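Welcome, and thanks for taking a look at this one with us.

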Amino acid sequence: MPLQGVCWFLCCRQGFSLLGRDYGEKEEEAPFELRNKEDLTPNGRSPAEVTVSQPTRTANGTNGHTVSEVNEEMKSLVIEKSKMGLEEEPEVLVKGWLLREVRGNWIKQRRYWFMLSQDSLDYYTGPEKGARRLGTLVLTNLCSVIWPDKQTYKETGHWSITVYGRKHCYRLYTKHFNEAVHWACAIQKIIDTKAPVETPTQLLIRDIEENKFNPEAVEHMYQHNPILKYTQGPLYAPLLPFPYGSLEHTYHSGKGYGSVREEAVKLFNCLQQLESAWEPVPIIQGVLQTCLDLRPLRDEVYCQLVKQTSYTPAPYTAAHLRYWQLLTCMSCTFLPGPTVLKYLRFHLKRIQSQSPESEMDNYASFISEALEKTKCRECVPSWEEIQMLMSRQEMLCTVHYPGPLSCQLYISSHTTANEVVRRMQEKLGLQESKNTFALYEQNALWEQPVAGSALIADILTSLSTKESESESQWKLCFKLYCLLDPDSISVDSIEYLFLFEQCHEMVVRGQLPVCEEDLHVLASLRLQCLMGDFSTHAPCPPLEELFSGHVLESRVLMSLSAPQTLPPCQVAAQGCPTTQRFHTGLLAGALWSHTATAAHKQKVEQDMRLRSRLKEEGATVMVSILEHWKGLAGYSRRDSMAAYLTIARQWSGFGCTLYEVDFYISSTGSFSQKLWLGVAATSVSLYRQGEAEALESFPYGQICSYGVSNSNTFKITAGDRDLLFETTKLTEIMQLMNAYFSAIHRQQGKGQDADITITESTEVGFHHLALTQTPTLLELPSHPV
């Protein structure tokens with residue numbers, strides 16, 4: 001390829017001046033920072049091209065080798081507007097008096113005559129001919145406008161609009177709302193009509209992509225454009241274009257972010273600090289957190305890292321390998337946009353060809369594989385994960401399962417909950433089970449199923465955060481999820497242990513509605529299973545691990561709320577007419593204080609009495625449990641578990657998952673009552689809390705649709721009835737019903753009768769079920785079934 005044929009990669013004088021102008025030139029008259037697509041000649045290249053080099057500052061703060069060029073270009077582009085009077089102005093679209101906020105020793109507002117043209121927003125001393133132009137804000141598609149808001153009007157008495165330019169920010173005020181809206185609309189309309197501007201880096205990326213099969217041309221580009229290569233100096237402008245005064249960062253204003261452009265420059269400084277940092281993990285976490293919060297910066301950081309890993313002076317030193325380590329963490333956390341992704345892949349292949357069998361080659365290979373698997377993360381990688389990624393290793397994950405048992409699995413940043421579930425089933429020999437399993441986030445008081453597509457690395461990070469916030473121990477558990485066929489579980493299998501442990505969890509939570517005598521028997525069977533035959537020397541678990549605290553507390557509260565005989569003085573007081581009470585006056589404050597103190601004292605006494613009664617009742621229940629335990633001598637662990645589950649199976653709802661809901665009696669929500677919603681393999685049922693018989697049951701064949709009605713309301717349509725439930729477990733109920741419906745379709749696919757199918761609804765958040773001969777599942781459940 002002739003040398004003339006590669007001149008296209010060199011940036012034009014205008015594009016270069018814009019990089020230089022960010023650090024030294026006056027901005028008042030500066031028209032453009034970047035190059036517009038419309039400025040290119042028909043062959044796609046600019047009419048005047050020069051080499052783009054990394055900006056540097058001289059002692060006086062100007063760009064040492066381009067000042068004269070920039071000044072000449074600025075003069076030619078501005079067309080001497082400062083000498084131009086109103087009679088020579090281009091077509092004016094909007095004009096009028098506005099107040100502009102002027103910042104000096106204090107903030108004040110001054111009145112100016114503003115004129116909006118197709119290219120700029122200018123303001124003058126007045127509307128008369130020959131008035132002096134005081135300032136210009138050149139409009140490009142990177143400018144932005146903030147519309148008037150009520151808060152500013154309440155504070156200042158004026159409606160305001162704010163126009164952001166490259167370095168200027170015009171805050172304009174008017175007393176009339178319609179006038180403010182008119183100006184904002186007109187300015188935004190001009191911004192929207194402007195052609196996209198591109199940075200020199202963008203142009204070079206595009207040229208590299210077009211000529212990636214021409215190594216000589218690409219090498220020539222790198223050699224003559226230092227902006228593509230490693231630099232020790234600071235960066236004064238982003239490599240990619242960002243809107244001036246972007247508002248996206250305001251959603252994270254509590255974290256102290258500036259504009260996206262400012263954060264892009266700060267991030268490059270953070271990258272350079274990696275070389276000298278004693279501990280790089282905090283810096284890496286900070287960069288990743290910023291990219292998580294400010295999405296547009298992800299492509300920018302990728303471009304900065306590609307720049308800093310190109311033509312590095314000492315590529316094999318630990319300091320410079322940290323750029324590769326950060327790039328590894330980025331590739332396992334965020335995917336760049338399509339254009340930057342192509343550029344990154346090209347860069348990785350180029351490094352691998354230039355430095356085979358090197359540490360950079362190893363990192364490039366790892367990053368290439370990661371880019372094939374990465375999904376956008378919900379959490380920034382933990383300290384442990386970052387350390388593992390820096391050494392390109394997998395990390396250990398501890399998964400607990402029913403009983404005091406656990407196992408450790410190696411996971412990567414891309415491992416999902418479904419993958420861990422499958423590996424746990426293989427490890428425990430549960431591949432052939434007809435029931436389904438899932439992972440749960442769990443602590444002593446609370447648990448929640450993990451979505452099948454969730455990344456385990458994110459779950460572990462969130463559990464670590466919860467532990468630090470709540471000071472309680474959290475763990476990842478592998479448990480039964482959908483109990484489709486409990487009768488098929490062998491007594492000698494580990495799945496039987498799963499069933500036993502989860503059934504006992506329901507008992508302790510008070511969600512197995514059996515009589516109190518049966519609860520005592522179940523607790524004694526639990527003891528026999530854990531401890532063997534009764535012994536006075538055996539350490540007995542606390543009562544709350546054997547018996548439902550809710551049942552105990554309910555019984556005590558009922559006994560305390562029973563009518564009691566009042567003392568004669570209180571009976572007499574109740575009969576006193578209200579007219580005999582003290583009148584409001586001097587003693588009112590003292591009487592009120594005395595009444596409040598007495599009420600507080602009474603409440604303290606009630607609490608003490610409640611705790612005392614709970615202790616007495618707990619001791620009585622424990623004695624009964626121990627007596628039953630003594631009668632179980634000789635029962636083996638297997639016999640105890642079998643007897644335990646035999647009692648539990650007497651409940652008709654055995655195997656369902658119960659959710660506490662507020663059930664609305666009418667569709668208008670005029671009356672509600674607390675119930676249990678039981679989701680099982682064949683139906684959805686409603687129970688009064690503590691009662692064994694279902695109030696009503698709805699087989700899945702009768703359910704027409706189900707889904708989220710609003711933020712806290714779940715709706716099921718069965719026939720011509722709409723059932724509304726208010727609950728905090730909306731997602732869990734949806735996931736479980738999806739899983740059961742999916743299991744039904746799997747059974748239908750094996751030749752069983754097909755009676756329903758799930759299709760998408762036009763109503764957001766709902767599943768509508770219809771009769772069909774060929775079942776089709778359009779929305780998969782969160783867990784494999």
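Let us start with Asp-722, which counts as partly exposed because its relative accessibility is 42%. Its salt-bridge partner is Lys-715, and the closest N and O atoms of the two are 3.8 Å apart. Please keep in mind that this is a predicted model.

**Salt bridges**

- A search through the whole structure turns up 24 salt bridges.
- One of them joins the side chains of Lys-194 and Asp-119, with an N to O distance of 2.9 Å.
- Lys-194 sits in the loop between helix H4 (177-193) and strand S9 (197-198), while Asp-119 sits in the loop between strand S3 (107-117) and strand S4 (120-124), so this pair ties together parts that are 75 residues apart in sequence.
- Are the two partners buried or exposed? Lys-194 counts as buried, since its relative accessibility of 18% falls under the 20% limit. Asp-119, at 47% relative accessibility, counts as partly exposed.
- Another salt bridge brings together the side chains of Arg-526 and Glu-501, at 3.2 Å from N to O.
- Here Arg-526 belongs to helix H17 (residues 516-531) and Glu-501 to helix H16 (residues 494-508), so the pair ties together parts that are 25 residues apart in sequence.
- Both Arg-526 and Glu-501 are buried.
- There is also a network to look for: salt bridges that share partners link Glu-447, Lys-479, Glu-505 and Arg-509.

**A buried serine**

- Ser-331 is part of helix H10 (residues 318-331).
- With a relative accessible area of 0%, Ser-331 is buried.
- Which residues does Ser-331 touch, leaving aside its neighbours within four places in sequence? Its contacts are Tyr-302, Ile-367, Ala-370, Leu-371 and Thr-374.
- The side chain of Ser-331 also reaches the backbone oxygen of Thr-328, at 2.7 Å.
- Ser-331 and Phe-366 are 35 residues apart along the chain, and their C-alpha atoms are separated by 9.2 Å.

- Strand S17 (residues 683-688) pairs with strand S18 (residues 694-699) in the antiparallel sense, over 5 bridges.
- Within this pairing, Val-684 stands opposite Phe-698 in S18.
- How many residues lie between S17 and S18 in the hairpin? There are 5, and Gly-690 in the turn has a positive phi of about 90 degrees.

Conventions. Residues are numbered from 1 along each chain as its sequence is written. This is a predicted model: local features need pLDDT of at least 70, side-chain atom pairs count only at pLDDT 80 or more; totals for chains, interfaces and linings use all residues. Side-chain values use heavy atoms; hydrogens and water are left out. Two strands pair if DSSP finds at least two bridges between them. Helices (H or I, at least four residues) and strands (E, at least two) are DSSP runs, numbered from the N terminus. Buried means under 20% relative accessible area, exposed over 50%, partly exposed in between (1.4 Å probe, protein chains only). Contact means heavy atoms within 4.5 Å. A polar contact is a pair of N or O atoms within 3.5 Å; within protein, one must be able to donate a hydrogen and the other to accept it, and residues adjacent in sequence count only if both atoms are side-chain atoms. A salt bridge is a side-chain nitrogen of Lys or Arg within 4 Å of a carboxyl oxygen of Asp or Glu.
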